[in-house]
Amino acid sequence: MAYTYVTVPKGEKIIMGSSGNLVVPDNPIIPFIEGDGTGVDIWKASVRVFDAAVDKAYGGKKKISWMEVYAGEKPFNMFRETMGDKAWLPEETVEAFKEFLVGIKGPLTTPIGGGIRSLNVALRQMLDLYVCLRPVRYFRGVPSPVKKPEDVDMVIFRENCEDIYAGIEWMAGTAECNKIKKFLLDEMGVTKIRFPESSSIGIKPISKDGSERLIRAAITYALSHKRKSITIVHKGNIMKYTEGAFKDWGYGIALNEFRNQIITERESWIIDNQDSKPNLSIEDNAKRIDPGYDMMSPKQKMDICKEVESALTLMPTHGSGKWKKLLLVKDTIADITLQQVLTRAKEFDVVATMNLEGDFLSDALAAQVGGIGIAPGANINYVTGHAIFEATHGTAPKYANLDKVNPGSEVLSGVMMLEYIGWQEAADMITRAIDKTIGQKRVTYDFERMMQGATLLSCSGFADALIENM
């Protein structure tokens with residue numbers, strides 16, 4: 001594509017190979033969005049860290065060709081006379097991410113008024129980046145509000161295109177909202193809208209296709225990274241046909257596509273019961289996995305016994321403890337999950353969930369390990385290869401151009417990007433440098449004010465320390 005505002009540097013494109021894996025040249029062109037507010041300071045610091053790590057890891061044989069593309073206040077101020085509101089997110093930017101596959105961005109301002117609700121959401125929707133990937137781990141020494149932040153080592157796969165991010169809603173009092181309510185009340189027989197006259201209405205789509213591709217990606221990641229378990233988080237006890245279906249479709253993918261590599265939690269109970277007592281009857285095994293068995297209806301009892309019988313067919317391949325070497329697939333209700341990630345963090349590894357729960361869970365976990373200032377994120381389509389890595393915090397405009405804020409979120413997002421393109425050596429070099437620098441108590445103001453004996457560094461100074469510690 002010919003670009004008007006974007007300058008394409010010398011280098012080569014990352015492409016998706018015929019085998020479904022990225023083909024990455026030694027000099028890949030990678031688009032970046034500087035970001036608004038503190039994004040300017042953060043990008044200047046982060047890009048120096050990325051370049052230093054790549055240079056040191058590969059002895060100058062590899063180098064990223066950075067290509068600036070535009071979104072947010074910067075292009076709005078530059079191009080609004082010719083583009084109008086479209087300057088917030090120029091078409092060239094979307095096309096550049098499509099063409100060059102992998103990119104990185106800083107925080108962006110959400111435009112005020114009509115049009116695009118969120119530039120971040122718009123990019124995810126336009127590029128169909130259906131996975132919001134949020135790894136959350138603790139760096140020793142980072143101030144935390146919990147007693148054992150070191151127990152947190154989780155990877156969140158959050159669905160990125162459906163649920164509340166579809167943005168399907170109507171404001172109370174509008175003709176559109178009244179039309180929807182009339183359909184629900186008169187044609188669908190809905191009786192549970194408590195105050196129909198004053199209610200706004202929103203619809204959350206959860207599809208089989210969207211659920212399956214997300215959970216497939218989560219299981220594939222868990223297996224390739226040798227993680228121990230995947231937890232499907234949902235509110236299916238209340239919303240049975242959306243969130244409950246998400247859970248059911250997830251188990252379906254696990255059982256149909258990964259049967260020899262996984263074990264469900266209930267299967268593990270059944271097989272473990274049989275391993276410990278080989279002569280255990282099917283009914284007694286059923287009673288052990290469902291304590292309320294004796295109060296069930298005959299059909300419910302029959303269903304549980306069939307489940308036991310089915311699991312016992314796995315004894316030759318999964319019995320005698322062999323299941324303990326497989327990926328454990330389980331599910332949990334969203335509200336109790338938010339409690340248990342605090343009280344039983346070690347029980348969670350990879351998590352697959354929908355948009356709203358994933359939003360709550362990601363930020364709650366980030367708080368346990370030091371806040372979103374050091375929480376990385378990515379938006380990925382594992383089928384097409386498109387991915388945008390991003391700082392997960394806001395623009396914090398009052399700190400803009402003060403060289404003050406923590407660049408950790410964007411730096412760690414860059415680590416994820418380097419891992420994604422297969423440059424693991426450079427990624428590991430940055431991670432070790434962060435560990436070492438924080439261990440030395442050389443940190444930015446957000447951590448320094450909560451760490452006794454710490455040395456206060458600027459945003460650029462923290463980048464200097466990371467490069468020094470590589």
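Reader: How do the residues of the lining of the largest cavity divide by class?
Author: Ala, Val, Leu, Ile, Met, Phe, Trp, Tyr, Cys and Pro count as nonpolar; Asp, Glu, Lys and Arg as charged; the others, Gly among them, as polar. A cavity is a set of points on a 1 Å grid over the protein atoms alone where a 1.4 Å probe fits but cannot get out, and lining residues have an atom within 4 Å of a point. By class, the lining of the largest cavity has 5 nonpolar, 1 polar and 1 charged.

Reader: Which pLDDT limits and which atoms apply here?
Author: This is a predicted model, with residues numbered from 1 along each chain as its sequence is written. Local features need pLDDT of at least 70, side-chain atom pairs count only at pLDDT 80 or more, totals for chains, interfaces and linings use all residues, and side-chain values use heavy atoms, leaving out hydrogens and water.

Reader: Which elements give two or more residues to the lining of the largest cavity?
Author: About 40 Å³ of space lies in this cavity; a volume is the space filled by probe spheres set on the points, which are joined across faces, edges and corners. Its lining is Val233, Ala334, Thr337, Leu338, Glu357, Phe360 and Leu361. Helices (H or I, at least four residues) and strands (E, at least two) are DSSP runs, numbered from the N terminus. The elements in question are α12 (334-343) and α13 (355-368).

Reader: How many charged residues are in the lining of the second largest cavity?
Author: This cavity has a volume of about 30 Å³. Its lining includes Glu34, Asp36, Glu68 and Lys74. The lining divides into 5 nonpolar and 1 polar, and the charged residues number 4.

Reader: Which residues are closest to the centre of the largest pocket?
Author: A pocket is an open set of points with protein on both sides within 12 Å along at least five of seven lines. The largest pocket has a volume of about 1000 Å³. Of its 34 lining residues, the closest to the centre are Leu133, Tyr221, His225, Met416 and Glu419.

Reader: What is the class make-up of the lining of the largest pocket?
Author: Elements that each supply at least two residues include β6 (131-137), α6 (208-224) and α14 (408-420). The lining has 21 nonpolar, 7 polar and 6 charged residues.

Reader: Which element gives the most to the lining of the second largest pocket?
Author: This pocket has a volume of about 670 Å³. It is lined by 13 residues, with Leu184, Val190, Ile193, Gly202 and Met239 nearest its centre. Two or more residues come from α5 (175-187) and from β9 (201-203). With 3 residues, the one that gives the most is β9.

Reader: How far apart in sequence are the parts tied together by phenylalanine 76 and tryptophan 88?
Author: Rings of Phe, Tyr and Trp (its six-membered ring) pair if their centres lie within 6.5 Å; planes under 30 degrees apart count as stacked, over 60 as edge-to-face and the rest as tilted. By this rule there are 14 aromatic pairs. Phenylalanine 76 and tryptophan 88 are stacked, 4.5 Å centre to centre with 15° between the planes. Phenylalanine 76 lies in helix α2 (residues 73-83) and tryptophan 88 in the loop between α2 and α3 (91-100), so the distance in sequence is 12 residues.

Reader: Is tryptophan 88 buried or exposed?
Author: Buried means under 20% relative accessible area, exposed over 50%, partly exposed in between (1.4 Å probe, protein chains only). Phenylalanine 76 has 16% and is buried. Tryptophan 88 has 13% relative accessibility, so it counts as buried.

Reader: How many salt bridges does the search of the whole structure find?
Author: A salt bridge is a side-chain nitrogen of Lys or Arg within 4 Å of a carboxyl oxygen of Asp or Glu. One of them joins lysine 74 and glutamate 68, with the closest N and O atoms 2.7 Å apart. The search of the whole structure gives 28.

Reader: What is the relative accessible area of glutamate 243?
Author: Glutamate 243 forms a salt bridge with lysine 204, the closest N and O atoms being 2.5 Å apart. The pair links distant parts of the chain, the loop between β9 and α6 and helix α7 (residues 243-257), 39 residues apart. Lysine 204 is partly exposed at 23%. Glutamate 243 is buried, at 1%.
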